[in-house]
Amino acid sequence: MTEATTAPKPIPEPDETSEPFWKATLEGKLLLMKCSDCGGFRLPSRQHCDRCLSAKFEWTPASGRGTVRSFGRMHQVYHPAFAEEVPYTLAIVELEEGPRLPTNIVDLDGREVRVDMPVELTWERHEDVALPKFRSRD
Amino acid sequence: MGHPLRGVAAISGLGMTPMGRIYKSANELAADAVRDAIADAGLKKDDIDGLLINPGITGFTGGGINLGLQNYLGMADLRLLNHMNGAGSTAAQMVQYATMAINAGMAKHVVCVFADTPLKDGSRTGAAYGGANRLPPRPKGMAGLAPAAGFFGPNTQYALATSRHMALYGTTHDQLGAIAVAQRQWATQNPQAQMREPITLEDYHNSRWIVEPLHLLDCCLVSNGAIAVVVSPADIAKDMAQPPVYIKGMGQGHPGDFSRAGSDWETETGAKIAAKTAFSMAGAGPDDISSCQLYDCYTYTVLVTLEDYGFCKKGEGGPFVEDGKLGPGGSLPTNTGGGELSAYYMWGMTPLSEAVIQGRGHGGERQAKNDLILCTGNGGSLSYHAALILSPHRN
Ligand SMILES: [Zn+2]
């Protein structure tokens, strides 16, 4: 291998509990674990429901709509793969179904993002996974 | 009748190493602090029958103190021992468990010690906390969503919390900056503080962005060092070497996972739960507090903690701090040693050590009025919280 000038981004690798989630991302679907007992959605993937501790669930597609719970703009370079991107916009998006995703708002400058603004899903494709990102929905 | 635990124990000893870029091992720093705390209390090592141990970030990154510290200190036949982890709430928690053990007759003189060495020779100040250097090339599972989106370390989570408070309540940078400026004023009077140059609100605004809305001067220091305290029965502490600092109230509150659906973790913290327990045990309320020593990993942590203890209404923390009441000469002296923002970052031991100094009346030129001191610890992403209400007066 030749020396890379910039390290690659830390792209997630599917593990046993998250395999169905990542597989669906390649088809443009955002799947959430829905508790078969209480109906609560859980994210990230975990064996037990954090409301009722049931271990039963079904992977269920999310609507892809949500709102910005909060946001910030990263100026610090903690990982060399992000050196060219700072400052970039970080956001927690609350999905309509309830769970919250750490993500980025891709179509707006950080100073145009607002708390509670409506957003919708878009995908950033990588080799064996796609990453859920969001854009404004007005 | 008062609460059965009110005033049963006191802090009788305090040991502090120099703090900052001090390159010793965590065990060595801990031993220095423990030796000095025992001597400060006028005790001998053999008098100690309890040891509670709290590593800082090196408990996660490697090289932190652990149960093995008992052996490094050569403490035999302890009646109480544990390695505790409640993140930044641990220091206050250790004093709580020591107090309960003393009250139960399970131990007499308990040493509570914190030591940390996040700074390595030549390393960047924030390297240990960013965590990016510990990531595998491909993080496993859905936990990998956050780093893939460029979320690194506690700065990110606290920026998001601050941002939401600003959006919901109109909190401003001038208001957050007032906290940074007030604490630096206190630090100029503390010979143990790492940062003693005064700063202005303009300096605050001009300090570089870390994660917007956090400026550099919104964020705490990173320090190597150690602090230990001795907790003793109140009946014995009153005749020991130092003025006793009595434990009048204790409480904890742990909202937990910040990603949980429905959580308001950004603006409603565990302090709300801890406040009820601690104030009720002390038989006091916010109006009775003479000074605050609050965990201040960020300026925002101070602001939201003041709200959650009821010093002002939810959302009014900004206007509350803006007039400078937290600084020298103000009506609510807060973080009188400079805190984690300006003095030293020893997690929960920063507020606790200053509370002991103030409670003894040993604050020198920075001594604040001294009756009831609120001392808090906060950890995780506003996930864990513990509080002590301390006083020079037993009753
Ligand atoms: Zn359930």
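Modeller: Start with cavities. This is a predicted model. A search of the whole structure turns up three cavities of 30 Å³ or more.

Colleague: What makes a space a cavity rather than a pocket?

Modeller: A 1.4 Å probe fits in a cavity but cannot get out, whereas a pocket is open. The largest cavity has a volume of about 60 Å³.

Colleague: Which helix gives the largest share of the lining of the largest cavity?

Modeller: Helix H15 of chain B, residues 349-359, with three residues. The lining includes Thr350(B), Pro351(B) and Glu354(B). Asn190(B) and Tyr344(B) are also among the lining residues.

Colleague: How many lining residues fall in each class?

Modeller: Four are nonpolar, six polar and two charged. Gly337(B) and Gly339(B) are in the lining, and Gly counts as polar.

Colleague: Why is Asp288(B) called partly exposed?

Modeller: Its relative accessibility is 39%. Buried means under 20% and exposed over 50%, so a value in between is partly exposed. Asp288(B) sits in the loop between helix H11 (271-282) and strand S9 (291-293) of chain B.

Colleague: Why is strand S8 of chain A called largely enclosed?

Modeller: Because five of its seven residues, in the run 130-136, are buried.

Colleague: How do you know that S7(A) and S8(A) pair?

Modeller: Pairing needs at least two bridges. Seven join strand S7 (residues 118-125) of chain A to S8(A), so the two strands pair. They run antiparallel, and a hairpin of four residues links them. Leu121(A) stands opposite Phe134(A) in S8(A).

Note on methods:
Residues numbered from 1 in each chain as written. Chains lettered and ligands numbered in written order. Predicted model: local features only at pLDDT ≥ 70, side-chain atom pairs only at ≥ 80, totals over all residues. Heavy atoms only, no water. 1 Å grid on protein atoms, 1.4 Å probe; cavity = no way out; pocket = protein on both sides within 12 Å on 5 of 7 lines; lining within 4 Å. Points joined across faces, edges and corners; volume = space filled by probe spheres on them. Buried < 20%, exposed > 50% of the residue type's maximum accessible area, 1.4 Å probe, protein only.
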